[in-house]
Amino acid sequence: MDIDHHDITVSVNGKQYRRRVESRMLLSDFLRHDLALAGTHVGCEHGVCGACTILLDGQPIRSCLMLAVQANHHELSTVEGLTNPAGEYHPLQQAMHDHHGLQCGYCTPGILMTMTAFLDENACPSEDEVREALSGNLCRCTGYQSIVDAVLAAAMRMRS
Amino acid sequence: MKPAPFKYIAASSLGDALALKAEHGDDAKFLAGGQSLIPTMNFRLARPTILIDINKIDGLAGIRASSGATRIGALTRYRALQRDAAFAMAFPLIGEALPHIAHPQIRNRGTIGGNLSHADPASELPAIAVALGARFRVQAAKQERWVEAPDFFVGALTTGLKPDEMLVEIELPLAKPRTGSCFMEIARRRGDFAIAGTAVIVTLDERDECIEVRLAFCGVGETPIDASSAADALVGNKPTETAIIDVAKSVQAMIDPGGSVHATADYQRHIAGVLTERALQTACQRARDGH
């Protein structure tokens, strides 16, 4: 079969990129290999672990379950875009640091993208709501408690 | 890049998509949310040579009222159902089940039509469609037909869709007065496929006797299982605790779960009985309370 190529334009963290991609290129691989945005991590590559979570038009999705060509003319956000222009951490990044919400850090970008989008919609979440929102992201180091603590602390800080 | 090579075509209209499918048949697959198809392609269990992306087709997504029923476009995402307060009020059974369906990231992409067409017997929506008495509008390039939910699901991951057809719309009849429903499932982790799950709908008359009882299961067979006949004895009678226990026993005798490394067939049967009792009691209470 001839290689099936498509020209796409995507916006990632506010920056426009034009690239030619093979149709079978996963969005996760496109971000990492073509755009060199390797902050998006790839774990299971079949939609179970949540490490590759990014935002598609503001909503968390698994980038390993979408083709790069499908992202044409869409807006993506990745962990590289979480700091402010001065390079300061997002409140959730700071809270993850303060509360030891990570050990190896492999799942962290996916968790940050899932939970920053969650906090944008739910400024005052209960612990149960945080755990429900976190349920699509696997972490094998922390046992989750410290991540939940970090999200609740970040929510409080973002409210004040 | 994990999937095998394929040609990608973004269909511009439903007619365009159906013409392509008619031309390529089983070699082509429709790509909706991709939350089941892309994983199987990543594993190379599925190797379609053509992928017809239907995400850009106007009018395939959305919820609309039709006489005595609600129609859901096949491309409607779980998220849209979950965020539609009027829909959740009209179909509390679906509202109760949605949090059990995978995780937020999957619900943001996954579509109703994609889920039903994938026909995973452990999936929640097929059983719910059977319990609700849903009808599916199935379209090909030159004709369309309506299929009753139980006839749509032929086997595990197998539907009655022909190679040139697409499920385009799901019609749900509105609930009668004094109807209560309940969805319950047991999964190893929240969001996983169920070891067993049940969707129950009960309609009571003014004397609290059952007019109709609908009972469907996911995870305990090759297709969603319609077990409503296990509750035949309830119709015309009050749903007493003893009568409900009898229904649970009938369900256990009726189903033939396959068992797996995570749950033996006996355990699945046990769970199905327990869920029947709990969900029936809850649905009856809700019918009496008027919601």
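Mentor: Two strands pair if DSSP finds at least two bridges between them; strands (E, at least two residues) and helices (H or I, at least four) are DSSP runs, numbered from the N terminus. This is a predicted model, where local features need pLDDT of at least 70 and side-chain atom pairs count only at pLDDT 80 or more, while totals for chains, interfaces and linings use all residues. Residues are numbered from 1 along each chain as its sequence is written, with chains lettered from A and ligands numbered from 1 in the order in which they are written.

Trainee: How do you know that S3 and S4 of chain A pair, and in which sense?

Mentor: Strand S3 (residues 53-56) and S4 share four bridges, and the rule asks for at least two, so they count as paired. Their sense is antiparallel, and A:Ile54 stands opposite A:Ile61 of S4(A).

Trainee: What makes a strand of this sheet an edge strand?

Mentor: The open sheet of five strands in chain A has the order S2-S1-S5-S3-S4, with mixed pairing. Strand S2 (15-22) and strand S4 (59-62) of chain A each pair on one side only, which makes them the edges. Direction ignored, neighbouring strands of this sheet are turned by 40 degrees against each other on average.

Trainee: Why are H2(A) and H3(A) called oblique?

Mentor: Helix H2 (residues 91-98) and H3 of chain A pack at about 125 degrees, with axes 10 Å apart. Axes are lines fitted to C-alpha atoms, for helices over the stretch in contact, and angles run from 0 to 180 degrees between N-to-C directions. Under 35 degrees is roughly parallel, over 145 roughly antiparallel, 65 to 115 roughly perpendicular and the rest oblique; H2(A) and H3(A) are therefore oblique to each other.

Trainee: Which residues make that contact, and how do they divide?

Mentor: H2(A) gives A:Leu92, A:Gln93 and A:Met96, and H3(A) gives A:Thr108, A:Leu112, A:Met115, A:Thr116 and A:Leu119. Contact means C-beta atoms, placed from the backbone, within 7 Å. Five of these residues are nonpolar, three polar and none charged. Helix H3 (residues 108-121) also lies across S3 and S4 of chain A, at about 40 degrees to S3(A).

Trainee: What makes chain B as compact as a globular protein of its length?

Mentor: Chain B has 11 helices and 14 strands. Its radius of gyration (over C-alpha atoms) is 19 Å, and the globule rule, 2.2 Å times the number of residues to the power 0.38, gives 19 Å for 291 residues, so chain B is as compact as such a protein. Its C-alpha atoms fill a box of roughly 60 × 45 × 30 Å along the principal axes.

Trainee: How many residues of chain A are in contact with chain B?

Mentor: 28 residues of chain A are in contact with 23 residues of chain B. S4(A) gives the most to the chain A side, with four residues.

Methods:
Contact = placed C-beta atoms within 7 Å. Nonpolar A, V, L, I, M, F, W, Y, C, P; charged D, E, K, R; others polar.
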